[in-house]
Amino acid sequence: MYRLGGEDTYGRPHNATWRDLESALGSLDGGECVLFPSGMAAISALFRVLLSTGDTLVLPSDGYFLTRRLASTYSVVEVPTAGPYPSFDGVRLVLLESPSNPGLNVCDIASLAAEAHAAGALVAVDNTTATPLGQRPLELGADIVVASDTKAVAGHSDVVLGHVSVVDASLAERLRDERTLSGAIPGPFEAWLAHRGLGTLDLRLARQAQNAAALYEAMSGKVSGLRWPGAPEDPAYLLAAQQMRRFNGVLTFELPSVAAVDRFLAASELVAAATSFGGLHSSLDRRAQWGDPVPEGLCRFSAGCEDPADLVADVLRALSHALGSD
Ligand SMILES: *Cc1c(COP(=O)(O)O)cnc(C)c1O
């Protein structure tokens with residue numbers, strides 16, 4: 001629609017397709033959503049709006065690696081997601097990530113938010129792994145949700161996008177202003193694709209979680225460090241079951257070596273080597289290749305929407321090749 005005046009006068013500050021997606025994600029998150037061109041753009045805009053040089057920021061030591069790199073100009077306290085957490089006195093922002101990527105540990109968002117608020121700190125949760133259908137951090141007491149919609153939300157491994165959702169309308173306004181002034185704006189077509197992807201998020205998560213459960217059972221005892229918060233045997237299960245609305249398809253495990261991971265990928269017909277996750281197709285990412293401080297053979301596995309029996313058979317065959325010899 002061509003309009004002079006009104007809202008959509010120019011494409012950098014306003015776009016109708018962004019608003020459609022922001023309205024959908026905001027209502028799922030239970031806050032006001034501001035869209036950004038990537039998850040990192042969302043996180044960096046949040047830091048620029050909230051933090052000044054020298055401010056103290058609490059970050060997960062086992063969470064998304066680039067967030068820690070980005071924060072290196074602030075005073076950062078790194079804490080493992082599973083805790084123990086230090087006092088939040090003097091802290092400006094506590095950024096939690098639950099389940100953490102790639103460790104898949106979980107923290108008690110409600111109780112940490114209460115402690116942080118008592119100390120005067122703001123609380124943000126990176127909700128990428130959980131998705132807005134899997135967890136509602138604002139309802140649990142967080143002030144801010146940040147997320148990469150590149151993963152399960154868009155869901156087809158063909159979009160890079162992110163968002164921030166907040167309770168405080170004035171913070172939303174400052175984030176929108178930051179987006180307009182920085183000029184780093186999301187592409188309307190990416191927003192349209194993610195909006196279309198959102199329509200099947202529920203179905204995709206259901207199949208991905210079903211596949212993750214089947215793989216967890218099939219791989220138990222065959223690989224070390226197998227983690228999936230949706231499994232009752234997982235150390236994060238009780239807390240995850242209490243604060244999450246549903247589980248997803250992301251697992252981690254460790255193979256003995258880089259060569260074993262290479263053999264797994266060469267032998268599998270269904271699992272792609274890819275660093276994104278939450279897409280239609282199963283994928284595996286050896287995180288250490290990107291500089292994550294994790295064991296060389298640590299794999300983050302994203303279960304896709306394949307037929308469960310096909311996927312389990314393929315993964316077991318690939319595993320036997322991977323573990324065959326070194
Ligand atoms: C991928 C990811 C990001 C960064 O998102 P991009 O869209 O790739 O910029 C941030 N946090 C987590 C937990 C992620 O998995």
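In this predicted model, an oxygen atom of the ligand lies 2.8 Å from an N or O atom in the side chain of Ser148. This pair is a polar contact, the name given to two N or O atoms within 3.5 Å. Taken alone, the ligand exposes 380 Å², and the protein buries 92% of that; these accessible areas come from the Shrake-Rupley method with a 1.4 Å probe. Asn101 also takes part, with a side-chain N or O atom 2.9 Å from an oxygen atom of the ligand.

Around the ligand stands a shell of 14 residues, each with a heavy atom within 4 Å of it. The closest are Gly39, Asp126, Ser148, Thr150 and Lys151. Helix α2, which spans residues 39–50, gives the most to this shell, with three residues; a helix here is a DSSP run (H or I) of at least four residues, a strand one (E) of at least two, and both are numbered from the N terminus. By class, the shell has five nonpolar, six polar and three charged residues. Ala, Val, Leu, Ile, Met, Phe, Trp, Tyr, Cys and Pro count as nonpolar, Asp, Glu, Lys and Arg as charged, and the others, Gly among them, as polar.

Now to the spaces in the protein. Rolling a probe the size of a water molecule over the atoms shows where empty space is left. On a 1 Å grid over the protein atoms alone, a cavity is a set of points where a 1.4 Å probe fits but cannot get out, while a pocket is an open set with protein on both sides within 12 Å along at least five of seven lines; lining residues have an atom within 4 Å of a point. The ligand takes up the space of the largest pocket, with more than half of its atoms within 2 Å of the grid points. The volume of this pocket is about 380 Å³, counted as the space filled by probe spheres set on points joined across faces, edges and corners. Among its 25 lining residues, Met40, Tyr64, Leu66, Ser148 and Lys151 lie nearest the centre. Helix α2 provides the largest share of the lining, three residues.

The structure also holds four cavities of 30 Å³ or more.

Residues are numbered from 1 along each chain as its sequence is written. In this predicted model, local features need pLDDT of at least 70 and side-chain atom pairs count only at pLDDT 80 or more, whereas totals for chains, interfaces and linings use all residues; side-chain values use heavy atoms, leaving out hydrogens and water.

Terms used: A polar contact is a pair of N or O atoms within 3.5 Å; within protein, one must be able to donate a hydrogen and the other to accept it, and residues adjacent in sequence count only if both atoms are side-chain atoms.
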